[in-house]
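Here are my notes on the model you sent over.

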Amino acid sequence: MNRRKFLGAAGLVPVLLAADEETGFTPLFDGKSLAGWSVRDGPEQAFYVDDGAIVVHESAGYPCWLGSARQYENFDFRGEFFVKGWTNSGIYIHAPEHGRNMWCGMKINIFHQADEKPAPESMGSVFPIVAPRKVNVKNKGEWNTFRIVMDWPRLQVWSNDEQIHDLDVETVPDLRHRFRSGYLGLESLSYPIRFRNLRVRELPSKVAWTALYETPADIAKWHVSDGKPVYQGLGAVMHTDGLGHIATNEMFRDFELQMYVRHAWHHNGGVMFRTEGKGSRGRHYEIQLHDGEGAHYPTGSLYSIQRGSYPRIEAEKWWPFQMWVKDRACGVRINGETVMEYDRLDNLEPGPIELQAHDAGRWTEYKHIRVRRI
């Protein structure tokens, strides 16, 4: 679709969506309990139900949040929130299983202040990146409506029935590599905000991921390519140790890889791509996994080529790993931060993706390993 046709269609979509009303929505809150939700990164009492609304307890604290039971890719999410006096919270979309919600996914900000000039921190912003078109919050003890339509790459947001965002997220450098699916969430910043009438309608998926590891049966998708690594499937987790490499049976040239990683203190390993399938003995590129901040090439670096900026990770805690390779370019995001980008790859030949175990006794674990060709 050319630019003129796209913009013409964009102008029509809000009208069509408005005419659709409430067809096909699934309630996400029964008005009586937190069934279908769970408290994340905080105490059990952080959220509770009172008078038909979900309420944030004032002692909950950040980074506590309430997460949906399911993950969503594209959707129409609607509801209401109550504002009286100083209030700060947020609605998470595409929040990760582990990691920083508003940097791996996105946060639509909730704030009491009726800013005359919208800013990236205003009510309704894609916090803290993109300002809304306008701020129309009702803040004197009133209910506000919200509507968030994600149909990647298009993000539309309404506040009190006025559209405040119509955004192609792939045109925003800080958003274009965010998670494309994840949990819906309600943020705690210890203000007693209330939510009600939460409901969602799923929209068609646009991406197809191939699972490289989800269950022990997926071990069959890998083989030893070099040395004597120790690797095993432990439920949802692939545990690796020893010294050597394992490789995917499939070959990849241009792809996006996403997974969660957990490791021993000062572990050493790597994710190798466009290899000959012989580990370090053959042609390869390596994204380093090494949690020493002062290391020559720390986690996220393109080993021996481009040093990455050290990411926010901790030993023995899960963190999200994303990488993409397209023609001569590659990039890495760790826990919601882009730590390395490079655009001068010489080797354009496809090859397996390999995981390196480089230091026996310092294990590395992976889960939800998935890949898509691009």
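1. Before the strand talk: two strands count as paired if DSSP finds at least two bridges between them. By that criterion β4 and strand β13 (residues 194-203) pair, in the antiparallel sense, over two bridges. Within β13, Arg194 is the bridge partner of Val55. Keep in mind that this is a predicted model.

2. The overall picture. The protein chain has two helices and 24 strands. Its radius of gyration comes out at 22 Å, close to the 21 Å that the globule rule gives for 374 residues, so the chain is as compact as a globular protein of that length. The C-alpha trace spans about 65 × 50 × 40 Å along its principal axes.

3. Packing and surface. Of the 374 residues in the protein chain, 54% are buried. If you take the contacts with a separation of 6 or more, 65% of them are between residues 24 or more positions apart. The chain exposes about 16500 Å², and carbon and sulfur atoms supply 50% of that area.

4. Back to β4, which covers residues 53-56. Which of its faces are covered? Both are: Ala53 and Val55 on one side are buried, and so are Ile54 and Val56 on the other. As a reminder, side chains in a regular strand alternate between the two faces of the sheet.

5. The hairpin. Tyr48 has Val55 in β4 as its bridge partner. β3 and β4 form a hairpin with two residues between them, and Asp51 in the turn has a positive phi of about 50 degrees.

6. Strand β23 (residues 354-357) is worth a look too. Both of its faces are covered, with Glu354 and Gln356 buried on one side and Leu355 and Ala357 buried on the other. What does β23 pair with? Strand β16 (residues 237-248) is antiparallel to β23 and joined to it by four bridges, and strand β18 (residues 268-273) also runs antiparallel to β23, with four bridges. Glu354 is the bridge partner of Ala247 and also of Met272.

7. How many disulfides does a search of the whole structure find? Cys64 is in none, and the nearest cysteine sulfur, that of Cys104, is 17 Å away. For a disulfide the two sulfurs would have to be within 2.5 Å. Cys64 is buried, at 0% relative accessibility. Cys330 is in no disulfide either; the nearest cysteine sulfur is that of Cys104, 19 Å away. Cys330 is buried as well, with a relative accessible area of 3%.

8. Ser125 sits in the loop between β8 (106-111) and β9 (140-151). Is Ser125 buried or exposed? It counts as buried, because its relative accessibility is 0% and the cut-off for buried is under 20%. A polar atom of the Ser125 side chain lies 2.9 Å from the backbone oxygen of Ser122. Leaving aside residues up to four places away in sequence, Ser125 touches a list of residues including Lys107, Ile108, Asn109, Pro132 and His165.

9. Now the backbone details that I'd check by eye. Most residues other than glycine have a negative phi, and most peptide bonds are trans. Where are the cis bonds? One runs from Phe127 to Pro128, with omega near -15 degrees, and Pro128 is in the loop between β8 and β9. Another runs from Trp152 to Pro153, with omega near 10 degrees; Pro153 lies in the loop between β9 and β10 (154-159).

10. Positive phi values. His266 is not a glycine, yet its phi is near 55 degrees. The place of His266 is in the loop between β17 (255-263) and β18, and at 31% relative accessibility His266 counts as partly exposed. Asn335 has a positive phi of about 50 degrees and is found in the loop between β21 (329-334) and β22 (337-342). Asn335 is buried, with a relative accessible area of 8%.

Notes: Residues are numbered from 1 along each chain as its sequence is written. This is a predicted model: local features need pLDDT of at least 70, side-chain atom pairs count only at pLDDT 80 or more; totals for chains, interfaces and linings use all residues. Side-chain values use heavy atoms; hydrogens and water are left out. Buried means under 20% relative accessible area, exposed over 50%, partly exposed in between (1.4 Å probe, protein chains only). The radius of gyration is taken over C-alpha atoms; the globule rule is 2.2 Å times the number of residues to the power 0.38. Contact means heavy atoms within 4.5 Å. Accessible areas come from the Shrake-Rupley method with a 1.4 Å probe; for residues, only the protein chains shown count as cover. A polar contact is a pair of N or O atoms within 3.5 Å; within protein, one must be able to donate a hydrogen and the other to accept it, and residues adjacent in sequence count only if both atoms are side-chain atoms.
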